[in-house]
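The following exercises ask the reader to work from a set of coordinates towards a description of a fold and its contacts. Each task is followed by a solution in steps.

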Amino acid sequence: MAKIANMIDSITGADEEAQKQKEQFSFLQKMALAKCEEFKSDLEKTAFGDKSKIEIGGGRFFKYYSGQHVDIHSQANERIQETINSFFRGNDEDIKNGFQSLISGALETLINTSSIGEDQEDMFFIYPENNAVVRLDVKAYKYTFTKKGIIADCENIFCR
């Protein structure tokens, strides 16, 4: 698994093949960024939307993380754990470990899906932290190509 931006930066050379690869990775990056913007827009609608409804989360959010990757595989758990740890500042390791297990399980299912085309997972979790009710929304998207090398010599793209 590699970040798309890192893949673009790692391509050196001015020959036609290098330019073609950079262009293809740039296209994938724009597609993935658009998906992340769609996720952010959905989250903002949920947080700032209909004020006549009572929403858990209080009509605002504090942090937003996104990332775009290529060739994600089932051994990505370490990166998932890193990301989840960044969400939880509290000292309650049991809550942290419980959420890591829940989110890792859901993302593993998405990552290991062998279907071709688009797959998406939307999750939200409610938990108490420091005398507050906290809502954690997780959205992930994966597009798997029919075979490796169709675009930019990669098997899939993954957004979170």
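This is a predicted model: local features need pLDDT of at least 70, side-chain atom pairs count only at pLDDT 80 or more; totals for chains, interfaces and linings use all residues.

## Exercise 1. Salt bridges

**Task.** State how many salt bridges the model has, and identify which residues are linked in a network of them.

**Solution.** 
- Step 1. The cut-off applied here is a side-chain nitrogen of Lys or Arg within 4 Å of a carboxyl oxygen of Asp or Glu.
- Step 2. By this rule, the count comes to three salt bridges.
- Step 3. K35 pairs with E38, and their closest N and O atoms are 3.4 Å apart. Both residues belong to helix α2 (residues 16-48) and are three residues apart, about one turn of the helix. K35 is buried, at 13% relative accessible area, whereas E38 is partly exposed, at 37%.
- Step 4. K139 forms a salt bridge with D42, with a closest N to O distance of 3.9 Å. K139 lies in strand β4 and D42 in helix α2, so this pair ties together parts that are 97 residues apart in sequence.
- Step 5. K139 also forms a salt bridge with D122, where the closest N and O atoms are 3.6 Å apart. Because K139 lies in β4 and D122 in β3, this pair ties together parts that are 17 residues apart in sequence.
- Step 6. D42, D122 and K139 are therefore linked in a network of salt bridges. Within it, K139 is buried, with a relative accessible area of 17%. D42 is partly exposed at 26%, and D122 is partly exposed at 45%.

## Exercise 2. The nonpolar surface patch

**Task.** Find which residues make the nonpolar surface patch, and decide whether V133 is buried or exposed.

**Solution.** 
- Step 1. The patch is made by F124, I126 and V133 and has an area of about 290 Å².
- Step 2. V133 is found in strand β4.
- Step 3. The relative accessible area of V133 is 56%. Exposed means over 50%, so V133 is exposed.

## Exercise 3. The nonpolar cores

**Solution.** 
- Step 1. The largest nonpolar core has 16 residues, and those with the most contacts inside it are I4, F25, L28, V70, F145 and I157.
- Step 2. Helix α1 (4-10), helix α2 and strand β5 (156-159) each supply at least two residues of this core.
- Step 3. A second, separate core has 14 residues, including F99, L110, V138 and A140.

## Exercise 4. The surroundings of C154

**Task.** Decide whether C154 is buried or exposed, and list which residues it is in contact with, leaving aside its neighbours within four places in sequence.

**Solution.** 
- Step 1. C154 lies in the loop between β4 and β5.
- Step 2. The relative accessibility of C154 is 1%, so this residue counts as buried.
- Step 3. With neighbours within four places in sequence left aside, C154 is in contact with L28, V70, D71, F145, K147, K148 and G149.
- Step 4. The C-alpha atoms of C154 and I72 are separated by 9.5 Å, although these residues are 82 apart along the chain.

## Exercise 5. The whole chain

**Task.** Give the order in which the elements run from the N terminus on, and state what share of the residues is buried.

**Solution.** 
- Step 1. The protein has four helices and five strands.
- Step 2. From the N terminus on, these elements run β-α-α-β-α-α-β-β-β.
- Step 3. Of the 160 residues, 34% are buried.
- Step 4. The protein exposes about 9,700 Å², of which carbon and sulfur atoms supply 49%.
- Step 5. Among contacts with a separation of 6 or more, 57% are between residues 24 or more positions apart.

Key. Residues are numbered from 1 along each chain as its sequence is written. Side-chain values use heavy atoms; hydrogens and water are left out. Patches are made of residues with over 30% relative accessible area and no salt bridge: like charges are joined within 9 Å, nonpolar side chains (Val, Leu, Ile, Met, Phe, Trp, Tyr) within 5 Å. Accessible areas come from the Shrake-Rupley method with a 1.4 Å probe; for residues, only the protein chains shown count as cover. Buried means under 20% relative accessible area, exposed over 50%, partly exposed in between (1.4 Å probe, protein chains only). A nonpolar core is a set of buried Ala, Val, Leu, Ile, Met, Phe, Trp, Tyr and Cys residues joined through side-chain atoms within 4.5 Å. Contact means heavy atoms within 4.5 Å.
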